[in-house]
Amino acid sequence: MANKGKYYMTTAIAYTSGKPHIGNTYEIILADAIARYKRAEGYDVYFQTGTDEHGQKIQEKAEAAGISPKEFVDQISGEVKRIWDMVNSSYDNFVRTTDEDHEKCVKKIFKKLYDQGDIYKGSYEGLYCTPCESFWTESQLVDGKCPDCGREVQPAKEEAYFFKMSKYADRLIDYINTHPDFIQPVSRKNEMMNNFLLPGLQDLCVSRTSFSWGIPVDFDPKHVVYVWLDASQTISQKSVTILTDHQSFSRKTGLQICTLSEKISCVSTLFTGLFSLWHLTFHFQSRYSDIHGCFRAVTR
């Protein structure tokens, strides 16, 4: 069978605040089925999954358990990997956000965004949902509670860095309208447009100072990178070169390394939920607008 080229497949990464649930397992099995099918079709598949291990919620869970955050996530990540192996998923790489190479990648990306003027320092005052790791405005609440999980929110104020998300709204709207397969199914695309983009975007908080369990910002170490920006790099770092050792990475994965302005040499598919989708969509559009022709998000 002729080789049809490279195909990059990734799940979202399981959050390690607790043991994996049926939704996590459903996602890995679905993604694995597609990876196996693509291999059978003749594609050279690189299939990635992993765990998301930073954030305030994890720090609080570890403190309640009387252990360090690293000990806590080691236990949960080990259980995730055990289950993924038990169901015989055929992933090629299991990435953890506490991996040294991942942390180097995130630090470099954050600095690059800051240097190019897409990140600025300010302060945040709003309503925070710890379980969702998300800030909300009063108008976004539903019956005074988090619009995603329905739990109580708490007033919060802290110094933070912000990403100029509003800068990319028009480009993102245009891209989604001209690339109908970018977000699938259509119902999720419509939710993204009607609930987030068309009403107007606010700049996104991308660092935190009220807790310490995260990747430090190199040039301002009292800040840690907000968990959403941290976790989203696991999806893109295998596709876009910001890693330290490009040649070593290329030998390890067999994927062509691209610069920020080059096209990826493979088709890419991401499985995610709607809650993750809006963070990830903005992330890819703002950083890698040239690669979207070969990337699509499939929501479950």
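This is a predicted model: local features need pLDDT of at least 70, side-chain atom pairs count only at pLDDT 80 or more; totals for chains, interfaces and linings use all residues.
# Salt bridges and a helix

Me: How does Lys 6 count, given its relative accessibility?
Reply: Lys 6 counts as partly exposed, at 24% relative accessibility.

Me: Which residue does the side chain of Lys 6 meet in a salt bridge?
Reply: Asp 44. The N to O distance in that salt bridge is 2.9 Å.

Me: How many salt bridges does the structure hold?
Reply: There are 18.

Me: Which residue does Arg 36 pair with?
Reply: Arg 36 forms a salt bridge with Asp 32, and their closest N and O atoms are 2.7 Å apart.

Me: How are those two placed in helix α1?
Reply: They are four residues apart in α1, so about one helical turn separates them.

Me: Are they buried or exposed?
Reply: Arg 36 has a relative accessible area of 37% and is partly exposed. Asp 32 is at 8%, so it counts as buried.

Me: Which other residues of α1 are buried?
Reply: Besides Asp 32, the buried residues in α1 are Gly 23, Asn 24, Thr 25, Glu 27, Ile 28, Ala 31, Ala 35 and Lys 38.

Me: What span should α1 have, and what does the model give?
Reply: Helix α1 has 20 residues, 22–41, and should span 28 Å at 1.5 Å a residue. The C-alpha atoms at its ends are 29 Å apart, which agrees.

Me: What follows α1?
Reply: Gly 42 follows, with a positive phi near 110 degrees.

Me: New topic. Which residue does Glu 53 meet in a salt bridge?
Reply: The side chain of Glu 53 meets that of Arg 96, at 2.6 Å from N to O. Glu 53 is in the loop between β3 and α2, while Arg 96 is in strand β4, residues 93–96. The pair links distant parts of the chain, 43 residues apart.

Me: Buried or exposed?
Reply: Both Glu 53 and Arg 96 are buried.

Me: Which residues are linked with them in a network?
Reply: Lys 70 and Asp 74 are linked with Glu 53 and Arg 96 in a network of salt bridges.

Note on methods. Residues are numbered from 1 along each chain as its sequence is written. Side-chain values use heavy atoms; hydrogens and water are left out. The expected span of a helix is 1.5 Å times one less than its number of residues. Buried means under 20% relative accessible area, exposed over 50%, partly exposed in between (1.4 Å probe, protein chains only). A salt bridge is a side-chain nitrogen of Lys or Arg within 4 Å of a carboxyl oxygen of Asp or Glu.
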